[in-house]
Amino acid sequence: MEKVFLVGVLTKYDERWEKLDSLNELAALVKTAEGEVIERILQRRDRLEPRFFIGKGKAHELAQIAQELDIDTFVFDEELTGTQIRNLEDITGRKVIDRTELILDIFAKHAHSKAAKVEVELTQLKYRLSRLTGKGVTLSRLGGGIGTRGPGERKLEIDRRRIRDHINSLERILKSIELSKKIQSSRRKNLFRVALVGYTNAGKSTLMNRLTHSDLLVEDKLFSTLDSTTRVLYLHDSRLTTHDSRFKILLTDTVGFLRKLPHGLIASFKSTLQEAIEADLRLHVIDISHPHCELQLLAGNQILEDLDILEHPIIYVFNKTDLNPALMPLLQEKYPDAVFVSALKGKNLNLLKQRISSFFHS
Ligand SMILES: Nc1nc2c(ncn2[C@@H]2O[C@H](COP(=O)(O)OP(=O)(O)OP(=O)(O)O)[C@@H](O)[C@H]2O)c(=O)[nH]1
Ligand SMILES: [Mg+2]
C-alpha cells in the first residue's frame with residue numbers, strides 16, 4: 001500500500017472546521033485510491049507561496065518527516081501549479097499530487113463504460129496539459145501508483161502537440177458516443193425516466209438495488225459508481241382499479257457529487273450525467289447521518305445548478321434514517337416534501353414509490 005501524507009493549508013479567510021472536514025474527505029479519497037494515510041497536517045499560512053505553495057522551509061521539514069515515516073506520496077488538498085509540484089518533488093524526493101489528480105485517478109480506476117473512460121482520459125490530459133511548464137516536458141512522474149494512472153495506462157511522456165492531437169481524437173470519439181446515446185435515449189422516450197443523484201456515498205446504489213432488485217456495487221467508499229446504470233422499476237398507479245395497475249418507469253443510478261470537485265470535471269462528465277439531465281424527475285439522495293449533511297445537500301444543488309437543472313422536478317430523499325440522526329426532526333420541518341428512508345433496512349420505500357407514482361399521475 002502506498003503510504004500517504006496529507007497536507008492542507010489554512011489561510012485567514014478559511015474556517016478551521018471546514019478545512020478539517022475537507023481533509024477527512026481527502027483521507028476517504030486516498031482510501032478509495034487504495035492508499036494508506038500515515039500522517040496529515042493543516043498548516044496555517046496567510047500567504048501562499050508561488051514556488052512551493054507552503055513555503056520552502058516547510059517543504060524541507062516535510063522532506064525530513066517523509067524520510068522518518070517512510071512516506072511515498074504527498075497529497076495536497078488544494079490545486080497546485082506544475083511548478084509547485086516540480087519544486088516540492090525536488091525538495092522532498094517524493095511524489096506530490098493534488099486533490100484534483102487524486103480524484104481523476106479514482107475516476108480513471110472506476111470508469112468502465114467507453115464514454116466514462118474517454119471522459120476521464122480527456123479530463124486528465126487537459127489538466128496535465130494546463131500545467132505543463134516547458135516545451136516537451138516529460139510527464140512521467142516519480143514512480144507509478146496514485147495520481148499516475150489513466151484508462152489507457154499509457155505512459156505520459158508525450159509533448160504538447162501530441163497531447164493536443166490526442167485530445168482532438170478523444171473529442172471526436174466522445175461526439176460519436178454521445179450521438180449513439182441520443183439515439184438510445186430517444187428509443188426510451190415513451191417511458192418516464194427518474195434519476196438518482198446526490199453526494200457520493202449517500203446510498204444511491206443501495207436504493208437502486210432495493211427498489212429494482214438489482215445487484216450494483218455498493219461500497220463504503222467515495223465514487224463507487226462512475227457509470228450510469230438504468231433499470232426498470234414497476235410502480236402502482238393508484239387511480240387504476242383494474243387488476244393490473246402496474247406501470248413501468250426507468251430508474252438510473254449516476255455518479256456521485258463531491259464538494260470541491262475539480263473545475264470543469266462535471267462539465268466533462270456530461271455524457272455520464274446525461275440521464276440526470278434528461279430525466280423527468282430526479283431523486284436527490286442525502287445521507288442524513290453525515291455530520292454535514294446539509295452542506296452536502298447544498299453542494300449537490302450547486303452541481304445541479306451547474307448542469308442547469310436545479311429548477312427541474314426533484315424529490316429530496318433523506319437516507320440512512322436507521323442510524324437515528326439527531327437532525328431528523330429539524331430536517332422534517334425544514335423540508336416537508338422530503339421522504340425519509342433507509343435504503344439498507346428497506347424503510348419507507350413504499351412511500352417513496354407512491355410519491356414517484358403520484359408525481360407522474362396527478
Ligand atoms: N446505515 C445505513 N447505511 C447505508 C444505507 N444506505 C446505504 N448505506 C451504506 O452507505 C455506503 C454507500 O452506499 P452506496 O449505495 O454505495 O452509495 P452511493 O451513493 O451509490 O455512492 P457512490 O457510488 O460512491 O456515489 C455503503 O456502505 C452502504 O451500505 C442506509 O439506509 N443505512
Ligand atoms: Mg453508487
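**Close-up 1. I106 sits in helix 4.** In this predicted model, I106 has 24 other C-beta atoms within 10 Å; the cut-off for a buried residue is 20 or more, so I106 counts as buried. Set aside the neighbours within four places in sequence, and I106 is in contact with L29, T32, A33 and F223.

**Close-up 2. Helix 4 is largely enclosed by the rest of the structure, because 11 of its 12 residues are buried.** The buried ones are R99, T100, E101, L102, I103, L104, D105, I106, F107, A108 and H110. So charged residues such as R99, E101 and D105 are on that list along with L102 and I103. What do the buried residues of helix 4 pack against? Their partners are helix 1 (16–32), strand 3 (73–76), strand 4 (95–98) and helix 5 (114–130). The length of helix 4 checks out too: at 1.5 Å a residue its 12 residues should span 16 Å, and the end C-alpha atoms are 17 Å apart, which agrees.

**Close-up 3. The largest nonpolar core takes in 73 residues.** V75, L102 and I286 have the most contacts inside this core. Helix 4 (residues 99–110) gives the most to it, with 6 residues. Neighbours within four places in sequence aside, I286 is in contact with G198, Y199, A202, C293, Q296, L297, Y316, V317, F318 and N319.

**Close-up 4. Ligand 1 is surrounded by 22 residues.** The closest are G203, S205, T225, G256 and L344. Which helix supplies the largest share of this shell? Helix 7 (residues 204–212) does, with 3 residues. By type, the shell around ligand 1 divides into 7 nonpolar, 10 polar and 5 charged residues.

**Overview. The protein chain comes to 12 helices and 10 strands.** Zooming back out, the chain has 362 residues, and buried residues make up 34% of them. As for contacts between residues at least 6 apart in sequence, 69% join residues at least 24 apart.

Methods. Residues are numbered from 1 along each chain as its sequence is written. Chains are lettered from A and ligands numbered from 1 in the order in which they are written. This is a predicted model: local features need pLDDT of at least 70, side-chain atom pairs count only at pLDDT 80 or more; totals for chains, interfaces and linings use all residues. A nonpolar core is a set of buried Ala, Val, Leu, Ile, Met, Phe, Trp, Tyr and Cys residues joined through C-beta atoms within 7 Å. Helices (H or I, at least four residues) and strands (E, at least two) are DSSP runs, numbered from the N terminus. Two residues are in contact if their C-beta atoms, placed from the backbone, lie within 7 Å. A residue is near a molecule or strand if its C-beta atom, placed from the backbone, lies within 6 Å of it. The expected span of a helix is 1.5 Å times one less than its number of residues.
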